[in-house]
Amino acid sequence: MGTVDDSLADLPELERLSLQRVIAVARTLVPEAEDGMSYGMPALKLDGKPLLGVVAAAKHLSVFPFSPAVIDAVADRLEGYSLSKGTIRFTTDHPLPDDVLEDIVRLRRAEIQK
């Protein structure tokens, strides 16, 4: 296992599965991404830059695309989710839609590789 999987291993099952799903989508779209840490959180990295980070907090789960522009690009499709300039918060009962998650990963990849 890598850094990301190790970091998620001790989470409660539903939280772990939800965050593993996010990471699995990112790994499918960017198979060359490497496990690492960024800003103290488990993250996938591309070309040495953070692609996507995930965190489990007390009352929600978070995806960090490390880009306010990426969040802005999908914000209109995330009604009902809590957003800030750096994170998208969700719960196991209200996961991120796959198509939005895929777009987040694609947009962030494009930013890194421009």
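User: In strand 3, which residue is the bridge partner of K45?

Analyst: In this predicted model, strand 2 and strand 3 pair in the antiparallel sense, over four bridges. The two strands form a hairpin with two residues between them, in which D47 takes a positive phi near 55°. Within strand 3, the bridge partner of K45 is P50.

User: Which residue in the turn between strand 1 and strand 2 has a positive phi?

Analyst: Strand 1 and strand 2 are joined in the antiparallel sense by five bridges, and D35 stands opposite L44 of strand 2. The hairpin that these strands form has two residues between them, and the one in the turn with a positive phi, of about 50°, is Y39.

User: How many residues of strand 2 are buried?

Analyst: Taking buried to mean under 20% relative accessible area, strand 2 is mostly covered. Helix 2, residues 13–29, lies across several strands, strand 2 (41–46) among them, and helix 4, residues 98–112, also touches strand 2 as it packs on the sheet. Of the six residues in strand 2, the number buried is five.

User: What are the edge strands of the sheet?

Analyst: The six strands form an open sheet with antiparallel pairing, and their order is 1-2-3-4-6-5. An edge strand here pairs on one side only, which holds for strand 1 (34–38) and strand 5 (82–83).

User: Which residue in strand 4 is the bridge partner of A56?

Analyst: Strand 3, covering residues 49–56, and strand 4, covering residues 61–64, pair over four bridges in the antiparallel sense. For A56, the bridge partner in strand 4 is L61.

User: At what angle to strand 3 does helix 4 run?

Analyst: Helix 4 packs on the sheet, where it touches strand 2, strand 3 and strand 6. Helix 2, which lies across strand 3 as well, runs at about 165° to that strand. For helix 4, the angle between its direction and that of strand 3 is about 145°.

User: In what order do the elements of the chain run from the N terminus on?

Analyst: The chain contains four helices and six strands. From the N terminus on, these elements run α-α-β-β-β-β-α-β-β-α.

Terms used. Residues are numbered from 1 along each chain as its sequence is written. This is a predicted model: local features need pLDDT of at least 70, side-chain atom pairs count only at pLDDT 80 or more; totals for chains, interfaces and linings use all residues. Side-chain values use heavy atoms; hydrogens and water are left out. Two strands pair if DSSP finds at least two bridges between them. Contact means heavy atoms within 4.5 Å. Axes are lines fitted to C-alpha atoms, for helices over the stretch in contact, and angles run from 0 to 180 degrees between N-to-C directions. Buried means under 20% relative accessible area, exposed over 50%, partly exposed in between (1.4 Å probe, protein chains only).
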